[in-house]
Amino acid sequence: MHPVLVYTASRIGLFAVAFGVLYLLGLQNWLLLIVVSFVISGIASYVLLSKQRDAVSTRISDKVDRPKPSDD
């Protein structure tokens with residue numbers, strides 16, 4: 001599977017988990033719930049998803065560094 005898809009799905013999953021836990025804990029203000037969930041999932045992804053982030057970085061740099069075909 002593509003590292004970008006794995007990383008994106010993992011980030012969405014972390015956001016959903018944070019959102020659900022905060023909602024179950026009684027945070028009812030929707031705007032605050034979304035903002036706090038975003039911050040918590042961002043911190044968690046920084047810690048938990050370092051391998052996936054490195055894989056995405058490698059894949060992107062490989063695509064950028066690949067020579068373009070010449071149209072002669």
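## Exercises on a predicted helical model

Ser 45 belongs to helix H2; helices are DSSP runs of H or I with at least four residues, numbered from the N terminus. The model is predicted, so local features need pLDDT of at least 70 and side-chain atom pairs count only at pLDDT 80 or more, while totals for chains, interfaces and linings use all residues. Residues are numbered from 1 along each chain as its sequence is written, and side-chain values use heavy atoms, with hydrogens and water left out.

**Exercise 1.** Determine whether Ser 45 is buried or exposed, and list its contacts beyond its neighbours within four places in sequence.

*Solution.* 
- Step 1. The classes are buried (under 20% relative accessible area), exposed (over 50%) and partly exposed (in between), with a 1.4 Å probe and protein chains only.
- Step 2. The relative accessible area of Ser 45 is 2%, so Ser 45 is buried.
- Step 3. With contact taken as heavy atoms within 4.5 Å, and neighbours within four places left aside, Ser 45 touches Arg 11, Leu 14, Ser 50 and Arg 53.

**Exercise 2.** Compare the span of helix H1 with its expected value, and describe its buried side.

*Solution.* 
- Step 1. The expected span is 1.5 Å times one less than the number of residues.
- Step 2. H1 (residues 3-24) has 22 residues; from first C-alpha to last it reaches 31 Å, close to the expected 32 Å.
- Step 3. Pro 3, Tyr 7, Ala 18 and Leu 22 are buried in H1. They lie on the same side of H1 because they cover an arc of only 70° around the axis, the arc being that of the directions from the helix axis to the C-beta atoms.
- Step 4. The buried residues of H1 pack against helix H2 (30-48) and helix H3 (50-65).
- Step 5. On the face turned away from the buried side, H1 carries the exposed residues Leu 5, Ile 12 and Leu 24.

**Exercise 3.** Characterise Gly 26 and Phe 38, and state the separation of their C-alpha atoms.

*Solution.* 
- Step 1. Gly 26 is in the loop between H1 and H2, and takes a positive phi of about 110° just after H1.
- Step 2. Gly 26 counts as partly exposed because its relative accessibility is 44%.
- Step 3. Phe 38 lies in helix H2 and, at 54% relative accessibility, counts as exposed.

Key: Helix = DSSP H or I, 4+ residues; strand = E, 2+ residues; numbered from the N terminus.
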